[in-house]
Amino acid sequence: MTEPDATPQRPNTHQDTVVLDAKGLRALAHPLRVRLVGLLRKHGPSTATRLAERLEINSGTASYHLRQLAGAGLVEEDTERGNARERWWRSVHRRTWFNDRDLAEREPETTLVYLRSVAATYTARTERALNELQTMPRVWRDTFDISDWGLRLTPEEAADLYEELRGVVSRYRLDTPEAAVSAPEGAERFSVITQLLPEPDAPSPPADPSETDEATARENP
């Protein structure tokens with residue numbers, strides 16, 4: 001997660017990535033906490049008051065959730081910016097990885113709350129882009145896309161697809177402070193959200209596609 005990445009697949013060894021254990025999962029299993037971490041990663045260090053304004057909550061609530069995140073090692077106080085009256089917080093990592101399938105089995109409800117919180121964050125990000133679409137510069141508006149493809153895959157093919165998508169994305173520049181300094185002129189932050197959603201309730205096609213046509217012909221002579 002540039003902002004939270006909930007892909008329950010393979011481990012990521014990037015040094016700025018936190019791989020969720022039980023403590024981290026429980027700490028992030030709340031919509032506000034996922035959003036707080038996302039804001040700190042996107043905008044950099046901030047105070048509870050400023051974060052509360054962005055989330056339209058009170059500063060006490062923001063402070064409480066920041067402390068819970070700090071207890072799990074996901075955020076920390078930025079002592080170089082703080083003072084006696086104002087505490088600054090920063091994200092410890094740039095991305096989150098959740099790949100412990102045994103943990104997901106042991107704590108299914110917590111896992112579901114976390115994944116729903118991440119999904120809600122993705123939806124909110126999409127809604128914001130849609131709201132701003134008409135006022136975006138044309139050059140950026142033309143890059144906007146929402147697409148879906150219905151595929152029929154085996155689990156192995158789905159895993160291969162995921163790896164290929166990940167490989168494509170990894171060829172491009174991540175949005176990190178270091179990359180921002182060296183990025184070409186005109187580069188802006190850009191979100192790519194991937195969701196591989198199994199739909200096992202979909203009917204299987206007939207073994208012989210012509211059977212469907214024959215049945216239709218009998219019903220509609």
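Colleague: Which residue in S4 is the bridge partner of glutamate 77?

Modeller: This is a predicted model, in which local features need pLDDT of at least 70, side-chain atom pairs count only at pLDDT 80 or more, and totals for chains, interfaces and linings use all residues. Residues are numbered from 1 along each chain as its sequence is written, and side-chain values use heavy atoms, with hydrogens and water left out. Strand S3 is joined by 3 bridges to strand S4, residues 88-91, and the two run antiparallel. Within S4, the bridge partner of glutamate 77 is tryptophan 89.

Colleague: Which residue in S4 is the bridge partner of serine 46?

Modeller: S2 and S4 also pair, in the antiparallel sense and over 2 bridges, where pairing requires that DSSP find at least two bridges between the strands. Strands here are DSSP runs of E with at least two residues, and helices are runs of H or I with at least four, both numbered from the N terminus. The partner of serine 46 in S4 is tryptophan 89.

Colleague: What is the order of the strands in the open sheet?

Modeller: The sheet has 3 strands with antiparallel pairing. Its edge strands, each pairing on one side only, are S2 (46-47) and S3 (75-77). The order is therefore S2-S4-S3.

Colleague: What percentage of the residues in the chain is buried?

Modeller: The chain comes to 10 helices and 5 strands. Buried means under 20% relative accessible area, with exposed over 50% and partly exposed in between, using a 1.4 Å probe and protein chains only. Of the 221 residues in the chain, the buried share is 29%.
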